Amino acid sequence: MAVSGHTTERSIAWRVPGLDGLELMRASFRTQTFPRHFHEGYALGVIESGALAFRYQGADLVAAPGEVNLVVPGLAHDGRAATERGWAYRMLYLDPALPGAVAAELGRPGLPHFHAGVLRDPALARDLLALHRLLESGADRLAAQSGLLALLAAWITRHADDGGTPPRAGAEPRAVALAREFLAARRAGDPGLAETARVAGLSPFHFLRVFRKATGLTPHAFLVQCRVRRAQELLRGGLDPASVAAETGFADQSHLTRQFKRLTGVTPAAYRNSLQDR
């Protein structure tokens, strides 16, 4: 993780294990100006405050709070504050292979192209911001990889020059059953999206859609429920919450507590104590 900054300019950049080809940045600038340059991959971000001005594909653009800014590989652009307040944003820098693979699953071979440099899509901006914060705070591989894939699919489908159409998510009962069995068995570990989809015999993108259609849950939400159910068993057996967290794949006791209370309405300690008081 790289951090730089002073009183008015702050930025931090990092990579996430298990997400090859992705770099993230969070920054706030007031006096920073970027000369014309280009990226080898895609840059996709969301403005949190202020406004970013840049010249791109022959047009002078301004990205305001809640709007998505982007550039495609190889196209020159600059960057500067649109007002004296500067701007703050969160960025994803993507190896071309990542959007390219998603576009192929959408029936659009080749790298997707986006003519617009600013997108006014509140849902996409909200999802991008949520994913960025999730990746900053730390997330299971399954949540991180699934979230990135879903975001790229929505971006390409809605905004690429030829976004393609997702294949129909039909019923795949055997695939879903195999995935459920695999995730339940790996609840204490950190299974990834690719290996889970491989067990199901489907591509990752198709697997996500099929699994959610069949269960009403994302694969990661299902994994968390498996962990919480196992935590209940261990707590009923008298194990303390800290040990339960370590046994069930949660990052720590506070992570267990948040997820356990979210799904059961009580904390692990209260659940364990209520059983011992009977």
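1. The chain folds into ten helices and eleven strands, where helices (H or I, at least four residues) and strands (E, at least two) are DSSP runs, numbered from the N terminus. This is a predicted model, in which local features need pLDDT of at least 70, side-chain atom pairs count only at pLDDT 80 or more, and totals for chains, interfaces and linings use all residues. Residues are numbered from 1 along each chain as its sequence is written, and side-chain values use heavy atoms, with hydrogens and water left out.

2. Overall dimensions and surface. The C-alpha trace spans about 70 × 45 × 25 Å along its principal axes. Of the 278 residues of the chain, 44% count as buried; buried means under 20% relative accessible area, exposed over 50%, and partly exposed in between (1.4 Å probe, protein chains only). The chain exposes about 13,400 Å², of which carbon and sulfur atoms supply 52%. Accessible areas come from the Shrake-Rupley method with a 1.4 Å probe, and for residues only the protein chains shown count as cover.

3. Contacts along the sequence. Among contacts between residues at least 6 apart in sequence, 68% join residues at least 24 apart, a contact being heavy atoms within 4.5 Å.

4. Nonpolar cores. A nonpolar core is taken as a set of buried Ala, Val, Leu, Ile, Met, Phe, Trp, Tyr and Cys residues joined through side-chain atoms within 4.5 Å. The largest has 66 residues, and within it Tyr89, Leu92, Leu94 and Trp155 touch the most other members. Helix H3 (residues 141–159) supplies the largest share of this core, nine residues. Apart from it lies another core, of eleven residues, including Val224, Leu235, Val244 and Phe260.

5. Trp155. Not counting residues up to four places away in sequence, Trp155 touches Tyr42, Leu44, Leu70, Leu94, Pro99, Phe114, Leu119, Leu124 and Ala160. One of these, Leu124, is also among the buried residues of helix H2.

6. Helix H2. The 16 residues of H2 (residues 122–137) should span 22 Å at 1.5 Å a residue, and the end C-alpha atoms are 22 Å apart, which agrees; the expected span is 1.5 Å times one less than the number of residues. Its buried residues are Leu124, Ala125, Leu128, Leu129, Leu131, His132 and Leu135. These cover an arc of only 165° around the axis, which puts them on the same side of H2; the arc is that of the directions from the helix axis to the C-beta atoms. An α-helix has 3.6 residues a turn, so residues three or four places apart point the same way. Pro122, Arg126 and Ser137 are exposed on the other side of H2. The residue following H2 is Gly138, with a positive phi near 105°.

7. Salt bridges. There are 14 in the structure, each defined as a side-chain nitrogen of Lys or Arg within 4 Å of a carboxyl oxygen of Asp or Glu. Arg26 and Glu136 pair at 2.7 Å, N to O. Arg26 lies in strand E3 (residues 22–29) and Glu136 in helix H2, so this pair ties together parts that are 110 residues apart in sequence. Both residues are partly exposed, Arg26 at 31% relative accessibility and Glu136 at 29%.

8. Since Arg133 is in helix H2 and Glu48 in strand E5 (residues 42–50), the pair ties together parts that are 85 residues apart in sequence. Arg133 is partly exposed at 42%, as is Glu48 at 31%. Arg26, Glu48, Arg90, Arg133 and Glu136 are linked in a network of salt bridges.

9. Arg158 and Asp121 also form a salt bridge, the closest N and O atoms being 2.9 Å apart. Arg158 lies in helix H3 and Asp121 in the loop between strand E11 (118–119) and H2, so parts 37 residues apart in sequence are tied together. Arg158 is partly exposed at 43% relative accessibility, whereas Asp121 is buried at 10%.

10. Two loop residues. Gln57, in the loop between strand E6 (52–56) and strand E7 (59–63), has a positive phi near 55° although it is not a glycine; its relative accessible area is 32%, partly exposed. Gly74 is in the loop between strand E8 (68–71) and strand E9 (77–81) and is partly exposed at 44%. Leaving aside neighbours within four places in sequence, Gly74 contacts Phe38 and His39. The C-alpha atoms of Gly74 and Gly265, 191 residues apart along the chain, are separated by 51 Å.
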